[in-house]
Amino acid sequence: MMGAADSPPTASETSPLIHAGASKRPKTPLPKFQMGILLMLHITEPIASMSIFPYINQLIRELDITGGDEAAVGYYAGIIESLFFVTQALTVLRWNRLSDRIGRKPVLSIGLFGTCISMLCFGLSTTFWTLVVSRCLCGVLNGNLGVLKTIVAELTDSTNMAQAFALMPVAWKVGIFVGPLMGGMLARPQDNWPELFAHPFWAKYPYFLPCAAAAIPVVLSYPMLLFFLEETLPSKRQPKLTSTTLGVSSGSNIEDREALAQESMAVMPIRSLLTPTVVIPIANYAILSLLNIALRTLMPLFLSTPPHLGGLGLAPSSIGPWLAIIGISDGLFQAIFFAKIVDWLGPKRQFCMSVSCIIPAMAMFPVISWLVHVRGIDYAIMLVLLGQLVLTVGFGLASGAPTIFMFITASAPSKNTLGAINGLGQTCTSIARAVGPALATSLFAFSKQHNLLYGNAVFVIFMVLGGVQMWLAAQLPDEIYDNDERRST
């Protein structure tokens, strides 16, 4: 009989389930087919959420929502654009907790169905309130992003998790590129291709085509989800009828007891999960998301601001290509080098080095303003912009969220709380996406109007927040431990 000293340690409900490996193991190959399905599902959300951006202002004008007040167009357009993220923030945690009980695939199916229906309704909308309802529907029914990241965590182990998570933001960036391109090219098809779209339907609903096109990837990915994606929730997996499982009844009893225990963990109160082990990674993710969206919002605003107010006064035709260069550089560098850098430096050191880039990246804005005031716009401005590009790409290794989601995944106290933990993290980023742009632009305007710190107070505020981010990053555990115990054998 095993003595007390020889009995295996028992993990508590609020301590991480996973333990450190004694030695470095060979890297496990990625499940490429399953990852391909996840990336296909992942890309549908940014396509749907971003495809309306090129034409939403024109749609607001044509529906005469503002009564001819051009100054109010941006206000109403901003409401429509942010509603998806606001409503998603309110419901994403509930969808992720539901996935801990009924399985990952049913929740993903509901999310895809909601995205498809809401996009078609948006294209058929002819009033402000129908736009609001359809946009809210898209956010309310969509908790897929957190569930997808939970599935990635359950499909991988500590040797290939960095490689898998590095692919997720790349897919998101592809969707961010394809969505606006699709929305801009296909809006008002009766004007661009009158021979093909002569039916009165297209004149009545001139923005239905881009909405329908955004729904097509959703429809195409649905069969892949239903028939080929594996269910990764341990308690809902299909048992494999091998000679081992058929011949050992005691093993089945153990699995039944484990499944029952996991079901009880799935309904744990959220408050019981809010331990320092869980809160520190999620707090990092919350501030990281806010800093990232603020930087992305301030860049085009600063570049378009007139030189006498400290900006560069660039036209949209110049700003667009520069932002595209930053996005492409960020995505390629992350896809090619992220996993290698994590293997070289370790996840915590890589994350700390990446988040430290936000302070000098924000500091580049006042430097550019000073150079414009002293020298005018010349080659020195381009050198500083290139430096800011490098810093932005460096920060992108953190803000793309692959590393921090590895920490969030490792903090989960049990297999069946992964959905809840990832849901908490996704709630934070949805709130940041909804609040961050308005906060950054309001602080920018307030700083310029009142000449606070020569108009640079907004950048100083975010630099201080960057210091808080660096302190929080230092509180993360030194290692991300092996999560192979989450996978069924």
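Tutor: Helix axes here are lines fitted to C-alpha atoms over the stretch in contact, with angles running from 0 to 180 degrees between N-to-C directions. The model is predicted, so local features need pLDDT of at least 70 and side-chain atom pairs count only at pLDDT 80 or more, while totals for chains, interfaces and linings use all residues. Residues are numbered from 1 along each chain as its sequence is written, and side-chain values use heavy atoms, leaving out hydrogens and water.

Student: Glad to start! At what angle do helix 14 and helix 20 pack?

Tutor: Helices are DSSP runs of H or I with at least four residues, numbered from the N terminus. Helix 14 covers residues 276–304 and helix 20 covers residues 418–449. Their axes lie 7 Å apart, and the packing angle is about 35°.

Student: What kind of pair do the rings of phenylalanine 302 and phenylalanine 459 form?

Tutor: Good one! Rings of Phe, Tyr and Trp (its six-membered ring) pair if their centres lie within 6.5 Å; planes under 30 degrees apart are stacked, over 60 edge-to-face, and the rest tilted. Here the centres are 6.2 Å apart and the planes stand at 80°, so the pair is edge-to-face.

Student: How many residues apart in sequence are the parts that this pair ties together?

Tutor: Phenylalanine 302 lies in helix 14, and phenylalanine 459 in helix 21 (residues 457–474). The pair therefore ties together parts whose separation in sequence is 157 residues.

Student: Is phenylalanine 459 buried or exposed?

Tutor: Buried means under 20% relative accessible area, exposed over 50%, and partly exposed in between (1.4 Å probe, protein chains only). At 0% relative accessibility, phenylalanine 459 counts as buried.

Conventions. Helices (H or I, at least four residues) and strands (E, at least two) are DSSP runs, numbered from the N terminus.
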